[in-house]
Amino acid sequence: MLKTSNTKTASINVRLYPEIKEQAENVFAYHGLTLPEAITVFINHACHVGGFPFELTGAYWQDPASLAALEECKQMEANPVVYKRFKTEEELFADLDSDDDV
């Protein structure tokens with residue numbers, strides 16, 4: 001559970017194209033929210049669900065190479081003993097430079 005207080009003490013500065021900002025303001029105003037309120041709702045919900053509060057879709061995510069990379073990541077997470085993990089880049093490069101093919 002997230003610990004919250006009554007006082008908001010953090011801020012975020014986001015740079016957007018003016019047209020996108022205006023479009024977003026119109027979308028959220030339709031739902032009775034300001035842009036900062038909508039961003040707060042998004043962040044709170046993302047924290048509640050432990051990730052994006054919606055499914056990521058689109059051309060990038062449907063690209064065969066991207067899908068293959070995501071599948072490989074899932075396999076690596078499911079089989080941590082099979083895949084090597086490194087805590088630092090020095091460990092990674094030392095392993096790459098070694099003659100070990102294990």
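The following dialogue reads selected features of a predicted model.

Biologist: How many helices and strands does the protein chain have?

Modeller: The protein chain of this predicted model has five helices and zero strands. Read from the N terminus, its elements run α-α-α-α-α.

Biologist: What share of the residues is buried?

Modeller: A residue counts as buried when its relative accessible area is under 20%. In the protein chain, 5% of the 102 residues are buried. The accessible surface of the chain comes to about 9,700 Å², and carbon and sulfur atoms hold 57% of that surface.

Biologist: Which residues form the nonpolar patch on the surface?

Modeller: The patch consists of Ile 12, Val 14, Leu 16, Tyr 17, Ile 20, Ile 39, Phe 42, Ile 43, Phe 52, Phe 54 and Leu 56. Together these residues have about 1,100 Å² of accessible area. Helix α2, residues 35-49, supplies the largest share of the patch, with three residues.

Biologist: Where is Phe 42 placed, and is Phe 42 exposed or partly exposed?

Modeller: Phe 42 lies in helix α2. An exposed residue must have over 50% relative accessible area, and a buried one under 20%. Phe 42 has 34%, so it is partly exposed. Phe 42 also belongs to one aromatic cluster with Phe 52 and Phe 54.

Biologist: How many aromatic pairs does the whole structure hold, and why is the pair of Phe 52 and Phe 54 called tilted?

Modeller: A search of the whole structure finds three aromatic pairs. For Phe 52 and Phe 54, the ring centres are 5.7 Å apart and the planes stand at 55°, so the pair is tilted. Stacked planes would be under 30 degrees apart and edge-to-face planes over 60. Phe 52 counts as exposed because its relative accessibility is 51%, whereas Phe 54, at 46%, counts as partly exposed.

Biologist: How many disulfides does the structure hold?

Modeller: A disulfide requires a pair of cysteine sulfur atoms within 2.5 Å. The structure holds zero disulfides. As for individual cysteines, Cys 47 is partly exposed at 43% relative accessibility, and Cys 73 is partly exposed at 41%.

Terms used. Residues numbered from 1 in each chain as written. Predicted model: local features only at pLDDT ≥ 70, side-chain atom pairs only at ≥ 80, totals over all residues. Heavy atoms only, no water. Patch = residues over 30% accessible without salt bridge, like charges linked within 9 Å, V, L, I, M, F, W, Y side chains within 5 Å. Areas by Shrake-Rupley, 256 points an atom, 1.4 Å probe, with all protein chains shown as cover. Salt bridge = Lys/Arg side-chain N within 4 Å of Asp/Glu carboxyl O. Helix = DSSP H or I, 4+ residues; strand = E, 2+ residues; numbered from the N terminus. Buried < 20%, exposed > 50% of the residue type's maximum accessible area, 1.4 Å probe, protein only. Phe/Tyr/Trp six-rings, centres within 6.5 Å; stacked < 30°, edge-to-face > 60°.
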